[in-house]
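I opened the file this morning to look up a few local features, and I note below what I found under each heading.

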Amino acid sequence: MNFQTIGDLAQSFALRRQGVDLRQQLDRLGLELSSGRAADLGRHLSGNLLPLADIEHELVLLAGHRTAAREATTDTEVMQAALARVQGVTTDLATQAIILGTAGTTRQVSDLAATATQALGSLIGSLNTEVAGRALFSGAQTDTSPLAAAETVLSEVRDALIGATTAAEVKSRLDVFFDSPTGGFLASIYQGGDSEVAPYRLGSGESVALDIRADHAGLRAALKQVALIAVSDDAGLALALGDRISLASGAGVALLAHQDVLTEMRASLGQAENRIAQSAVRIAAEITSFEIARGELVSVDAFETAVELEQVQFQLESLYTVTARASRLSLLNFLS
């Protein structure tokens, strides 16, 4: 009969190796029991990591869409507030201009012009609104404020009106300045881009374009009427008081009639807000669904893990007992 024996040193190494292996299993099982997630995903999924990779990929895409939805929500809220200020300022100014009527005084015309100058600055400030360094009404050129300062606008308008001798000529020259497709307003006042900013991609084929620019015809029309009221008392205009009053009150009527256009712009922006909100809900639901699916893939059964942990603890305790007994063996104990 052949006997296979193992030396004391080799036996010590073997017991130590088993101890290390059991302690590693104990650490792994303890981590899994506390986190509920498999520590070794390759082992847990039998090497088939493709489903998990697909889920992780979808979650990364959805995280990007969620960020886009949040940015779009912020942008639409700020743009809506800016347009609300534009509408509020122009409505108030229109009311004051119309009240001026046909019996205003030189002082009243001057006061109204001063109010219009402040209103023009407010309008331009609203349309130059930025979020995180991005100008919202500049189209694709978000690094530049879309409109020049109110002082520049009035200076350019006054230059365009030099030599005008009648109210009709003043209005005609302003129309040319603000409505020309090449010069005037577009050449010296509007500084934004010629194209719209890229739409926000919200997944599932959904996208939202916030394409309201400061050179929009509706906004240009509002700026034109406010500027007209602001220069109605300019000493450089060879106009009688009656013509100045007529220009100011006529601009007020035009501003009031123009409120429907501003309302339509805000309504269109409101529709975009609604679509963004719906997309945000959908994105959140999809993220939750994929997170649940990922959890099902990587999670471990708490009961089975606890049983396995107890077994490993028992094995480790048994190994410690065997090791302790082996360490007390000696030739004297063997012979006694």
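**The helix α3**

I compared the end C-alpha atoms of helix α3 (residues 50-100), which are 75 Å apart, with the 75 Å that its 51 residues should span at 1.5 Å a residue, and the two agree; the expected span is 1.5 Å times one less than the number of residues. Helices here are DSSP runs of H or I with at least four residues, numbered from the N terminus. Just after α3, I found Gly101 with a positive phi of about 60°.

**Source and confidence**

I am working from a predicted model, in which local features need pLDDT of at least 70 and side-chain atom pairs count only at pLDDT 80 or more, while totals for chains, interfaces and linings use all residues. Residues are numbered from 1 along each chain as its sequence is written, and side-chain values use heavy atoms, with hydrogens and water left out. For pLDDT, the predictor's confidence in each residue from 0 to 100, I noted a chain mean of 84, with 76% of residues reaching 70 or more.

**Leu120**

I looked up Leu120 in helix α4 (residues 106-127) and found this residue buried (under 20% relative accessible area), at 0%. Leaving out residues up to four places away in sequence, Leu120 touches Ala150, Val153, Leu154, Leu223 and Val226; the C-alpha atoms of Leu120 and Val226 are separated by 6.2 Å, although the two lie 106 residues apart along the chain.

Notes:
Helix = DSSP H or I, 4+ residues; strand = E, 2+ residues; numbered from the N terminus. Buried < 20%, exposed > 50% of the residue type's maximum accessible area, 1.4 Å probe, protein only. Contact = heavy atoms within 4.5 Å.
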